[in-house]
2 protein chains.
Amino acid sequence: MTQPHDQPGVFTAQEMLQHWKGHRALTRRTIERFPDDQLFSFTPGAPLRTFGDMMLETVRMIAPSLHGTRTGEWNFKLADTSAIQDKAALLAAWDEADELIATTWPHLTREALRGVVPPLPHLRALPYLVDNEIHHRAQGFIYLRLLGTEPPAFYEREATSPA
Amino acid sequence: MTQPHDQPGVFTAQEMLQHWKGHRALTRRTIERFPDDQLFSFTPGAPLRTFGDMMLETVRMIAPSLHGTRTGEWNFKLADTSAIQDKAALLAAWDEADELIATTWPHLTREALRGVVPPLPHLRALPYLVDNEIHHRAQGFIYLRLLGTEPPAFYEREATSPA
């Protein structure tokens with residue numbers, strides 16, 4: 001992977017954060033739109049997971065990824081989220097992760113923001129988190145449509161749901 | 001949207017391109033993995049589109065987005081891709097779009113790369129294309145699993161399929 005340090009970067013750290021926050025707002029609205037009794041039970045068929053499970057994976061990755069990015073010390077022991085079984089608890093965990101992102105971001109240097117995932121050196125850790133969130137949210141869009149519910153608009157990224 | 005021009009950017013234009021190329025390689029492998037007789041016919045249910053249709057949308061957006069980004073002149077008239085009805089034709093259109101990306105990229109200034117989509121000024125045009133591709137490819141992963149086919153690994157981004 002080339003690292004031409006003499007080239008100007010295109011988007012700033014603050015803009016990277018804004019981009020992610022827009023996605024996180026959209027993903028939160030996607031979770032909210034699920035019927036509570038389907039979030040941790042519905043799948044379109046084997047071997048697919050529930051959307052709730054996919055979102056818990058997304059949440060669990062954030063703390064170790066931010067810690068690894070900030071300190072360079074990676075520990076892939078993930079938090080136990082097995083107690084989270086409904087929408088309210090998932091949204092609370094989602095908001096807690098948002099807080100962690102907001103408080104950690106100012107401490108991330110440019111070099112840290114460019115950091116890779118140690119076992120996957122072709123992947124930048126923070127862009128990978130965003131890409132993984134987009135990936136699983138998109139699968140939730142399929143689930144919602146199969147449940148007869150319109151997903152939120154993909155191009156809306158506001159923190160609060162548009163009227 | 002803040003545009004702090006005095007802040008250094010995190011990733012260079014070349015790194016943005018590498019990130020996208022990695023995703024495009026993965027998306028191409030996802031298309032390849034579809035059974036040819038399902039690519040333009042299978043959906044898990046109404047009102048979902050076929051994966052072939054979603055990928056044609058992805059392809060159609062590239063030329064006008066690159067043109068708008070490069071010149072500042074936006075024209076949302078999309079190419080007619082209705083003649084593309086099978087995997088070989090879709091992959092040929094995919095590769096043609098890759099060529100267009102490769103030949104256009106060196107002409108994109110930093111300001112152009114930061115450009116927004118005119119009717120959606122909160123969205124940066126080129127990151128939006130990548131996000132949209134990740135979004136629809138993820139939906140193809142669901143389709144593949146429902147068809148009994150393992151999707152390619154999400155974390156692999158090489159241009160050629162790993163053994």
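Helix α3 of chain A is not straight throughout, since a kink of about 25° lies at I62(A), shortly before the proline P64(A); the bend at a residue is the angle between axes fitted to the seven residues ending there and the seven starting there. This is a predicted model, in which local features need pLDDT of at least 70 and side-chain atom pairs count only at pLDDT 80 or more, while totals for chains, interfaces and linings use all residues. Residues are numbered from 1 along each chain as its sequence is written, and chains are lettered from A and ligands numbered from 1 in the order in which they are written. Helices (H or I, at least four residues) and strands (E, at least two) are DSSP runs, numbered from the N terminus.

**Helix α3 of chain A**

- The 21 residues of α3(A), residues 51–71, should span 30 Å at 1.5 Å a residue, and the end C-alpha atoms are 31 Å apart, which agrees; the expected span is 1.5 Å times one less than the number of residues in the helix.
- The buried residues of this helix are F51(A), G52(A), M55(A), L56(A), T58(A), I62(A), S65(A), L66(A) and T69(A), where a residue is buried if 20 or more other C-beta atoms lie within 10 Å of its own, exposed if 12 or fewer, and partly exposed in between, with C-beta atoms placed from the backbone.
- Just after α3(A), G72(A) takes a positive phi of about 80°.

- In chain A, the peptide bond from A46(A) to P47(A) is cis, with omega near 0°, and P47(A) lies in the loop between α2 and α3.
- In chain B, the peptide bond from A46(B) to P47(B) is cis, with omega near 0°, and P47(B) belongs to the loop between α2 (36–39) and α3 (51–71).

**Helix α1 in both chains**

- In chain B, α1 has 21 residues and reaches 30 Å from its first C-alpha to its last, close to the 30 Å expected at 1.5 Å a residue.
- Buried residues of α1(B) include M16(B), H19(B), R24(B) and L26(B), and what covers the buried residues of this helix includes α6 of chain A together with α4 (87–104), α5 and α6 of chain B.
- In chain A, M16(A) has its place in helix α1 and is buried, with 21 other C-beta atoms within 10 Å.
- Leaving aside residues up to four places away in sequence, M16(A) touches F11(A), L113(A) and V10(B); two residues are in contact if their C-beta atoms, placed from the backbone, lie within 7 Å.
- Although M16(A) and L126(A) are 110 residues apart along the chain, their C-alpha atoms are separated by 9.3 Å.

**The strands β1 and β2**

- In chain A, two bridges join strand β1 (residues 116–117) to β2(A), and the strands run antiparallel; two strands pair if DSSP finds at least two bridges between them.
- A hairpin joins β1(A) to β2(A) through two residues, and V116(A) has R124(A) as its bridge partner in β2(A).
- R124(A) is buried, with 23 other C-beta atoms within 10 Å, and touches R114(A), G115(A) and V116(A), not counting residues up to four places away in sequence.
- In chain B, β1 (residues 116–117) and β2(B) pair in the antiparallel sense over two bridges, with V117(B) opposite L120(B).

**How the two chains meet**

- Contacts link 36 residues of chain B with 37 residues of chain A.
- On the side of chain B that touches chain A, α1 (13–33), α5 (110–113), β2 (120–124) and α6 (125–146) each supply at least two residues, and the largest share, nine residues, comes from α6(B).
- The residues on that side divide into 20 nonpolar, eleven polar and five charged, where Ala, Val, Leu, Ile, Met, Phe, Trp, Tyr, Cys and Pro count as nonpolar, Asp, Glu, Lys and Arg as charged, and the others, Gly among them, as polar.
- A rotation of 180° with 0.0 Å of shift along its axis superposes chain B on chain A (RMSD 0.0 Å), and the two copies are thus related as by a two-fold rotation axis; the superposition is by least squares on the C-alpha atoms of residues with pLDDT of at least 70 in both copies.
- Of the residues of chain B, G9(B) comes closest to the rotation axis, at 1.8 Å (C-alpha).
- The same surface serves both copies, as 100% of the contact residues of chain B recur in chain A.
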